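Happy to look at this one together.

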Amino acid sequence: MRVDLEVNGVRRSLDGVREGESLLHLLRERVGLPGSKNACEQGECGSCTVYLDETAVCACLVAAGQAQDSRVVTVEGLADGAELHPVQRAFVEAGAVQCGFCTPGLVVTVHDLLARTSDPGEAEIREALAGNLCRCTGYEKIFDAVRLAAGEAR
Amino acid sequence: MTGFHTAADLRHACELKAAHPDATLIAGGTDVMVGLNFGHTSPAALLDVSRVPELREWSREDDTIVLGAGVPYTRIVDELGGALPGLARAARTIGSAQIRNRATVGGNLGTASPAGDALPPLLAARASIELASLRGTRRVPARDFFLGPGRSVLADDEIVAAVRIPVAAGAEQFAKLGPRNAMVIAVASVAVTLDPPRRRVGCAVGSAAPTPVVAGDAETFAGAELDWDGRRELPASVTARFAELAAAATAPIDDVRGTAGYRRHAVAVLARRTLTWAWQEYRRS
């Protein structure tokens, strides 16, 4: 089947999409955006978090056909050209990246948190990030990055 | 799979379901896509109802909230915490922010898992389910909806359209047990509602029987024993008996998340806590 959608501001028409295919598969394999990571495929890890019509979702749990005529923003769409988004810069500065696999999903999740709440409390940060797994950092540096990015946003 | 159908409105969704009774409904996708991604399920077709406007709204009719089956949990938490505190409490415990942004009560009902977090609050509150089809709309008490794991009274041509939930008449509590605070399939869960004007208690249990179950003996016992007028502190003997009756209503199994014995114990503990919290709230009100 055919799916038409907007990804990071660019209109796309994709043919040959399978009926049971996920939005994540479409983004990675058909649009060629490998930033959103494919790990658990069951919504547990958050490494495929993207915006679907301004809502943060796990792309692995959206059927590609459900994204027809939608606006999708992936981690690749957050930076302004070569200029990193403040959330991305905070991850680099705080040392919140180790192997890097979870980073794209976390960056989108933190971007979404700070878009909704400019000054999140400790509990709010933990709640917002509960759906993103990181097996390297122990999360403390990631929380540092959130506080850093929140401070900059203020 | 050979089809992907997108419903524009509820009537269209019913037409599509009648024409493709073997199609699997998909709204938030948080259950359906897991089955597809892992190749555990191979439905003939998908019927996308995520854009059906009637399913995405809620309204208030007198003392009832009519909740569209496709309202995501994030909105239930944000918009219905006052009217439906029990359901909103359960909604807060579901999955993660990303899951709550997509997952719906209709999905919990359609999947009919005994572990569906929204289900015990619906049973405790004596909600009813609106099922729509080209034949018309019927209402089924939530307490009569489930037949077994993954099975309900939903017919092949029907769609869960809405849930009619009484606005809370008193305190409502929910508790669930699992290995962490997020992304957990409940080992056991309990919902308790107090209805002081009717001197009635609601109590339902999740993850401890083939379906979510009502603890009817616990409800009757607490309704008669609670000191509705004097609002005195709950005697330990009452909470203990309530816990025992709630556990007796279950029929748990051993599985990877816990043994039957552990589940029975957990239900008793959760029942005691939720009744205590609800009663404390009532005494303060």
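The questions below concern a predicted model.

Q: What makes Ile142(A), Ala145(A), Val146(A), Ala149(A) and Ala150(A) count as buried in helix 5 of chain A?
A: The cut-off is 20 or more other C-beta atoms within 10 Å of a residue's own. Those five names in helix 5 of chain A are buried, so each of them meets that cut-off.

Q: How do you know where the buried residues of helix 5 of chain A lie around its axis?
A: Looking down the axis, the buried residues fall within an arc of 130°, so they line one face of the helix.

Q: What covers the buried residues of helix 5 of chain A, and which exposed residues does the face turned away from them carry?
A: The cover includes helix 2 (86-94), helix 3 (103-116) and helix 4 (122-128) of chain A. Turned away from the buried side are the exposed residues Glu140(A) and Gly151(A); exposed here calls for 12 or fewer C-beta neighbours.

Q: How do you know that the span of helix 5 of chain A agrees with its residue count?
A: Helix 5 of chain A has 14 residues (140-153), which at 1.5 Å a residue should span 20 Å; the C-alpha atoms at its ends are 20 Å apart, so the two agree.

Q: Why are strand 11 and strand 14 of chain B said to stand at the edges?
A: Their sheet is open, with four strands in the order 11-12-13-14 and antiparallel pairing. Strand 11 (172-177) and strand 14 (213-214) each have a single partner strand, so one side of each is left without a neighbour in the sheet.

Q: What makes strand 13 and strand 14 of chain B a pair?
A: Pairing requires at least two bridges, and two bridges join these antiparallel strands.

Notes: Residues are numbered from 1 along each chain as its sequence is written. Chains are lettered from A and ligands numbered from 1 in the order in which they are written. This is a predicted model: local features need pLDDT of at least 70, side-chain atom pairs count only at pLDDT 80 or more; totals for chains, interfaces and linings use all residues. The expected span of a helix is 1.5 Å times one less than its number of residues. The arc is that of the directions from the helix axis to the C-beta atoms. Two residues are in contact if their C-beta atoms, placed from the backbone, lie within 7 Å.
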